[in-house]
Amino acid sequence: MIIDEKRQSKPRRASMEDYLSPQVRAIKPSGIRRFFDLAAGRKDIITLGVGEPDFVTPWHVREACVYALEMGKTQYTSNAGTPELREEIAHYLQRQYEVAYDPGNEVLVTVGGSEAIDLALRTLIAPGDEILVPEPCYISYSPITALSGGVPVGVETFAKDQFKLTAESLRAAITPKSKVLILCYPSNPTGGIMTREDWLPIAKVVEEHDLIVISDEIYAELTYGTKHVSFAAMPGMRDRTILVSGFSKAFAMTGWRIGYACGHPELIAAMLKIHQYTVMCASNMAQVAALEALRGGMEEKDRMVESYNQRRRIVVKGFREIGLDCHEPQGAFYAFPSIAGLGMTSEEFATGLLQDQKVAAVPGDVFGLGGEGHLRCSYATSVSLITEAIERIGTYVRKLKGE
């Protein structure tokens with residue numbers, strides 16, 4: 001028997017980390033979760049960190065799930081989701097946002113909106129493709145892009161523009177390698193929105209440069225004083241857009257992990273292939289609950305939105321009264337006050353605030369370009385806690401100013 005000495009002498013890896021892929025090693029842990037974990041389990045901490053409704057899923061939605069369990073609906077569903085839910089999603093998008101999809105081949109039910117984003121990026125990215133990401137933005141877009149072999153390219157937005165994406169800044173970021181534009185409006189973390197007038201020049205740039213768009217519209221129902229406008233509803237953009245949304249924010253269903261993606265049938269078919277091999281299908285019971293939310297949950301949704309609106313006004317007024325400039329959010333449930341004039345980084349401010357005043361908020365730098373000098377504060381919590389948190393933040397700001 002001949003022994004291959006070269007194969008036998010392969011050097012052993014020094015540590016478990018050496019087994020990890022370079023892409024995974026390069027990814028930083030979530031900055032949002034870090035501050036949430038610091039506050040977890042401490043009753044004296046007021047948490048403004050995690051983007052999760054403080055409402056419980058409406059009773060009739062939970063009841064539908066319980067009944068489904070009692071009736072034995074515990075099997076797999078179709079990979080794409082139940083026909084009933086896909087049909088209801090299509091009806092909902094047509095009714096609410098004037099975007100028409102065929103439930104048979106243009107709607108895919110996913111494990112939360114996050115899976116839909118992951119599927120879309122993995123479907124579209126070839127190694128080296130550049131993915132345009134308006135920032136500050138939801139923290140997952142760039143890491144998922146990198147894991148898929150793409151190159152995230154930040155496109156900075158500014159408070160002076162209400163954190164809207166402009167055609168000029170988008171054009172300036174485009175190169176021959178640009179392939180996909182990711183949109184998230186209403187915005188996490190800024191609460192910025194885009195109107196039809198804002199979208200039209202963006203659509204023109206997308207057409208000119210032959211881009212595909214992933215439009216994350218998870219906060220579509222959470223707008224104040226104006227109705228959400230879907231980018232997919234812009235002229236010529238429906239087939240260029242993968243519309244991503246879900247039930248977590250509008251219907252207080254974060255833990256159910258149910259979302260969806262809609263788009264051109266060839267794109268959805270490609271996403272479905274990955275979905276089949278990774279998660280098979282979304283939870284049967286969660287799909288039942290989502291169907292009930294769409295059919296009978298609009299009144300509860302409206303009540304939650306009105307409550308967020310009340311809190312939004314309190315938050316903005318409160319920050320301005322303690323001397324922090326605060327862009328007025330028109331969507332989602334986040335405020336993004338500026339701490340730029342206090343001589344500290346956002347990381348330093350957030351850490352000091354947690355230690356000194358026991359208020360947990362997220363430093364703006366974790367959200368990319370334009371985030372430094374800001375703090376993300378979720379107002380998806382009670383008015384009493386919001387009021388107390390702002391008082392504590394005001395105390396901390398006065399200490400920093402020596403007042």
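**Group meeting: a walk through the sheet and its helices**

Okay, let's start with N284, which lies in helix α11, residues 284-296. Before I go on, keep in mind that this is a predicted model. So, is N284 buried or exposed? With a relative accessibility of 10%, N284 counts as buried, because the cut-off for buried is under 20%. And what does N284 touch, if we skip its neighbours within four places in sequence? The contacts are K73, T74, Q75, Y76 and T77.

You'll find G72 in the loop between α4, residues 59-70, and α5, residues 83-97. G72 is partly exposed, and its relative accessible area is 30%. If you compare G72 with L291, they sit 219 residues apart in sequence, and in space their C-alpha atoms are 17 Å apart.

A quick bit of background: two packed helices are described by the angle between their axes and the distance between the axes. For α5 and α11, the angle is about 30° and the axes are 10 Å apart. That makes α5 and α11 roughly parallel to each other, since angles under 35 degrees count that way. Their crossing is left-handed. On the α5 side, the residues that meet α11 are E84, L85, E88, I89, Y92 and R95. From α11, the partners are Q287, A290, L291, L294 and R295. Sorted by class, this contact of α5 with α11 has six nonpolar residues, one polar and four charged.

Now for the sheet. How many strands does it have, and in what order? Seven strands form an open sheet, and the order is β2-β8-β7-β6-β5-β3-β4, with mixed pairing. At the edges stand β2, residues 107-110, and β4, residues 151-156. Each of those has a single partner strand, so one side of each is left without a neighbour in the sheet. From one strand to the next, the twist averages 20°.

Let's zoom in on β8, residues 259-262. β8 pairs with β7, residues 241-246, in the antiparallel sense over four bridges. Along that pairing, S245 stands opposite Y260 in β8. β8 is also joined to β2 by four bridges, and these two strands run antiparallel. There, T110 stands opposite G259 in β8.

Which way do the residues of β8 point? Remember that in a regular strand the side chains alternate between the two faces of the sheet. In β8, G259 and A261 point one way, Y260 and C262 point the other way, and all are buried.

What lies across these strands? Helix α6 lies across β2, β3, β5, β6, β7 and β8, and runs at about 160° to β7.

Last one: α6, residues 112-124, also packs with α10, residues 265-278. Their axes come within 9 Å and cross at roughly 115°. So α6 is roughly perpendicular to α10. The crossing of α6 and α10 is right-handed. From α6, the residues involved are E115, A116, L119, A120, R122, T123 and L124. They meet L267, A270, M271, I274, H275 and T278 in α10. By class, the contact of α6 with α10 comes out as eight nonpolar residues, three polar and two charged.

That's my tour, thanks!

Methods:
Residues are numbered from 1 along each chain as its sequence is written. This is a predicted model: local features need pLDDT of at least 70, side-chain atom pairs count only at pLDDT 80 or more; totals for chains, interfaces and linings use all residues. Side-chain values use heavy atoms; hydrogens and water are left out. Buried means under 20% relative accessible area, exposed over 50%, partly exposed in between (1.4 Å probe, protein chains only). Axes are lines fitted to C-alpha atoms, for helices over the stretch in contact, and angles run from 0 to 180 degrees between N-to-C directions. Angles under 35 degrees count as roughly parallel, over 145 as roughly antiparallel, 65 to 115 as roughly perpendicular and the rest as oblique. A crossing is left-handed if the near helix is turned anticlockwise from the far one by less than a right angle, and right-handed if clockwise. Contact means heavy atoms within 4.5 Å. Ala, Val, Leu, Ile, Met, Phe, Trp, Tyr, Cys and Pro count as nonpolar, Asp, Glu, Lys and Arg as charged, and the others, Gly among them, as polar. Two strands pair if DSSP finds at least two bridges between them.
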